[in-house]
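Trainee: I would like to learn how to read a few features from a structure. Could we take them one at a time?

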Amino acid sequence: MSRSVPTVDAVAEALGELRARTPVVQSLTNVVSANFVTNVLLAAGASNAHIDNVHEAGGFARAADGVLVNVGTPDDATAQAFRLAARSAHEAGTPWVLDPVGVGGLPWRSDLAAELSAHRPTAIRGNASEIIALAGMRGETRGVDSSADAAAAVPAALTLLDRAESVSASGAVDHLVGRDADGAVIGVRVGGGSAMLQRVTATGCALGGLVAAYLAVTPTPLIGLAAAHVHVAVAAEIAEAAAAGPGTFAVAYLDALYTVDADTLRARAQLEVFEPRR
Amino acid sequence: MSRSVPTVDAVAEALGELRARTPVVQSLTNVVSANFVTNVLLAAGASNAHIDNVHEAGGFARAADGVLVNVGTPDDATAQAFRLAARSAHEAGTPWVLDPVGVGGLPWRSDLAAELSAHRPTAIRGNASEIIALAGMRGETRGVDSSADAAAAVPAALTLLDRAESVSASGAVDHLVGRDADGAVIGVRVGGGSAMLQRVTATGCALGGLVAAYLAVTPTPLIGLAAAHVHVAVAAEIAEAAAAGPGTFAVAYLDALYTVDADTLRARAQLEVFEPRR
Amino acid sequence: MSRSVPTVDAVAEALGELRARTPVVQSLTNVVSANFVTNVLLAAGASNAHIDNVHEAGGFARAADGVLVNVGTPDDATAQAFRLAARSAHEAGTPWVLDPVGVGGLPWRSDLAAELSAHRPTAIRGNASEIIALAGMRGETRGVDSSADAAAAVPAALTLLDRAESVSASGAVDHLVGRDADGAVIGVRVGGGSAMLQRVTATGCALGGLVAAYLAVTPTPLIGLAAAHVHVAVAAEIAEAAAAGPGTFAVAYLDALYTVDADTLRARAQLEVFEPRR
């Protein structure tokens with residue numbers, strides 16, 4: 001299979017690159033997740049700098065290895081920093097991730113996320129309803145289990161490929177779309193993980209940060225996106241086996257992000273390529 | 001006993017309602033506690049959205065199931081968001097909690113909390129000195145142990161019933177006041193808990209968030225307030241037994257908030273109704 | 001040896017004072033570290049109030065026992081609060097710590113930290129590159145291991161004694177400089193600790209907070225600085241022995257900060273006085 005397709009070998013190789021190169025992620029993320037995003041990046045093997053003020057956000061985005069822009073708790077000042085970081089990242093060729101937290105139900109940030117997405121994110125990562133809303137489509141996700149949710153977001157994810165290089169919707173089975181080296185659109189499903197991820201805040205935000213780290217060390221955006229999804233899914237499975245509740249789960253999750261190696265990923269990764277349809 | 005009195009059965013029933021309905025709490029809380037408040041809500045069985053910007057705070061408070069306004073680390077922008085959320089919650093009938101962190105020693109936030117309290121909070125939750133200060137009374141709490149503190153705040157808590165539907169002062173024994181269905185003022189003492197709660201930051205703030213969640217699923221504000229106090233007290237007792245220090249305590253506390261069920265509450269709840277006196 | 005030299009006995013005694021007096025630290029710190037800084041202070045035996053708004057920061061700095069100013073995630077509003085707190089602390093004689101996070105690579109905060117340092121911090125604590133940059137010197141730290149880094153920052157730390165009473169650079173072996181009671185410049189090396197501290201965010205920031213607490217209870221700034229460095233180094237060693245990764249390390253670290261006593265410090269402290277040279 002081509003090196004530009006996200007295979008299990010490709011994500012295992014990406015983990016080795018992450019640990020060897022320790023990419024520096026600039027995070028512009030919400031106050032709920034700021035600590036956990038950084039701890040996940042440090043545990044997984046990357047580095048982090050939370051720089052979200054208007055004086056430094058743009059300049060640092062030129063030098064960082066990857067940038068996370070997460071609109072979870074924006075205010076006027078950080079929204080402006082988001083714009084500066086997104087623009088700089090795009091101009092400088094720094095890979096950057098847009099996490100459209102809360103987009104859909106909240107008009108102000110929905111407009112903000114749409115504006116940010118014009119700076120061509122390397123990856124967009126959200127839950128199904130956020131991806132659907134960001135694409136300007138209507139979701140009917142209420143009452144549907146989260147597995148179906150992520151599959152239901154595939155048409156919206158494909159639409160977003162007009163402005164992003166890759167897109168993922170998280171769910172019981174994560175659904176990712178992007179392109180191979182020939183420009184052909186392909187999809188990837190990533191299974192595994194743990195329902196306990198829903199009981200610990202900021203696990204999705206931290207995945208967004210880890211995507212930014214992997215984008216810095218992988219040959220295509222879709223491989224980077226897939227590697228981050230697989231890394232967290234495998235770590236969450238391992239953590240769930242050791243957990244008595246959300247407290248012990250979160251602790252074991254950080255340990256597992258740190259201890260998993262390429263062989264563990266190869267043995268446990270649940271990843272399949274599929275042909276996405278609108 | 002009337003269904004409008006906070007009995008052990010009433011709080012056990014409330015836990016079932018919380019888990020069945022997963023109320024969404026909008027939190028406007030301080031940066032120290034933002035992550036822990038959300039993790040406590042997710043562990044206990046509720047949901048959370050931290051929305052504290054001026055563009056979205058008021059609108060979301062109309063749709064949320066409960067709102068927490070915690071003045072722990074205010075600035076000009078979040079203070080304005082507090083005002084908008086409190087006003088909207090009151091107008092829309094969304095139950096809301098005021099947590100007057102630091103009120104008393106700090107004039108600016110003391111004025112802010114007094115202004116917010118005019119929007120008729122469904123519950124006010126604080127420590128004894130904060131409750132006394134918010135009521136405009138003078139505390140002489142220095143050198144007094146925290147159990148006596150909470151009892152000493154009862155007259156102040158009764159005074160605050162002119163603007164809030166229920167009020168609690170946390171201590172070694174928590175003291176709560178509110179009304180039964182006939183409008184008669186009653187008090188509730190909640191014992192148990194753990195001294196280790198003082199060694200982990202944001203446990204009080206997280207209790208405030210959990211009060212907002214319970215207010216959404218209980219027949220009276222005082223029952224909601226009591227259910228939250230009992231839930232955390234029982235979880236803290238269980239956690240203390242497993243803890244070697246504040247680190248393991250916090251982890252075990254999140255696990256226990258998640259694992260406690262109605263039977264555990266019935267077996268362990270230390271709750272008694274009393275006739276409060278000024 | 002004079003009581004004004006940081007011996008193992010002096011830092012063991014300082015721990016007893018910390019526990020006996022529970023100093024209140026006002027923290028003005030970044031959003032990544034806010035929760036962890038407070039939890040470290042509570043675990044170690046101090047108290048904390050995160051007060052970083054322009055209305056309250058200056059006034060509280062007059063009443064607090066110690067103040068931490070950490071420039072990790074500044075914006076215009078908190079930068080102004082930093083100025084007010086630093087000025088008030090200096091005027092009122094409240095010991096205060098400057099943690100110059102990120103200084104060097106980021107011009108805006110570098111200017112801010114330089115401005116703040118004019119208010120004569122009682123201690124400056126950073127990593128080697130930050131100390132070198134704050135001193136206006138050029139670092140050549142790339143490719144050098146962190147142990148060498150901290151030693152390499154000694155000339156810069158000595159330069160900073162023109163505006164601060166004590167200075168430390170963290171590394172595999174921490175290097176501290178200050179003065180004895182006769183005004184003679186002396187250095188202290190603190191070994192031990194754990195490489196796992198690099199895998200948990202905000203451990204350096206939390207050390208800065210603990211320095212502020214110790215400065216409130218020790219006879220000289222250098223003894224306070226050394227006591228905080230030794231307390232965290234010993235706790236980190238104990239935690240590492242119990243850790244399977246960064247998650248369990250962080251939990252065990254909080255436990256160890258709480259459980260270590262004077263005898264543990266005496267048995268484990270790796271501390272030596274040296275004569276620093278430019």
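Trainee: Is B:T22 buried, partly exposed or exposed?

Mentor: This is a predicted model, and what follows is computed from it. B:T22 has a relative accessibility of 35%, so B:T22 counts as partly exposed. The residue sits in the loop that links helix 1 (8-21) to strand 1 (24-28) of chain B.

Trainee: What is there to note about the phi of B:T22?

Mentor: Most residues other than glycine have a negative phi. B:T22 is not a glycine, yet its phi is positive, about 45°. A:T22 is also a non-glycine residue with a positive phi of about 45°. A:T22 lies in the loop between helix 1 (8-21) and strand 1 (24-28) of chain A, and with a relative accessible area of 36% A:T22 is partly exposed.

Trainee: How many residues of helix 2 (residues 34-44) of chain B are buried?

Mentor: The count is 11 of 11, so the helix is mostly covered, taking buried to mean under 20% relative accessible area. Among the buried residues are B:N35, B:T38 and B:N39, along with B:F36 and B:L41.

Trainee: How do I describe the way two helices pack?

Mentor: Two packed helices are described by the angle between their axes and the distance between the axes. For helix 2 and helix 11 of chain B, the axes come within 7 Å and cross at roughly 35°. On the helix 2 side the contact uses B:F36, B:N39, B:V40, B:A43 and B:A44; on the helix 11 side it uses B:Y253, B:L254, B:L257 and B:Y258. By class, that contact has eight nonpolar residues, one polar and no charged.

Trainee: Why does the spacing of such contact residues follow a pattern?

Mentor: An α-helix has 3.6 residues a turn, so residues three or four places apart point the same way.

Trainee: What span should helix 11 (residues 246-259) of chain B have?

Mentor: At 1.5 Å a residue, its 14 residues should span 20 Å, and the end C-alpha atoms are 20 Å apart, which agrees. Helix 11 of chain B is mostly covered, with 11 of its 14 residues buried; these include B:F249, B:V251 and B:D255.

Trainee: At what angle do helix 4 (residues 76-92) and helix 5 (residues 107-117) of chain B cross?

Mentor: Their axes cross at roughly 15° and come within 10 Å. The two helices are therefore roughly parallel to each other, and the crossing is right-handed. Helix 4 of chain B contributes B:D76, B:A79, B:F82, B:R83 and B:A86, while helix 5 of chain B contributes B:W108, B:L112, B:E115 and B:L116. This contact has six nonpolar, no polar and three charged residues.

Trainee: Is B:A244 buried or exposed, given its relative accessible area?

Mentor: B:A244 is exposed, at 52%. It lies in the loop between helix 10 (221-242) and helix 11 of chain B. Neighbours within four places in sequence aside, B:A244 is in contact with C:D255, C:Y258 and C:T259.

Technical notes:
Residues are numbered from 1 along each chain as its sequence is written. Chains are lettered from A and ligands numbered from 1 in the order in which they are written. This is a predicted model: local features need pLDDT of at least 70, side-chain atom pairs count only at pLDDT 80 or more; totals for chains, interfaces and linings use all residues. Side-chain values use heavy atoms; hydrogens and water are left out. Axes are lines fitted to C-alpha atoms, for helices over the stretch in contact, and angles run from 0 to 180 degrees between N-to-C directions. Helices (H or I, at least four residues) and strands (E, at least two) are DSSP runs, numbered from the N terminus. Angles under 35 degrees count as roughly parallel, over 145 as roughly antiparallel, 65 to 115 as roughly perpendicular and the rest as oblique. A crossing is left-handed if the near helix is turned anticlockwise from the far one by less than a right angle, and right-handed if clockwise. Contact means heavy atoms within 4.5 Å. Ala, Val, Leu, Ile, Met, Phe, Trp, Tyr, Cys and Pro count as nonpolar, Asp, Glu, Lys and Arg as charged, and the others, Gly among them, as polar. The expected span of a helix is 1.5 Å times one less than its number of residues. Buried means under 20% relative accessible area, exposed over 50%, partly exposed in between (1.4 Å probe, protein chains only).
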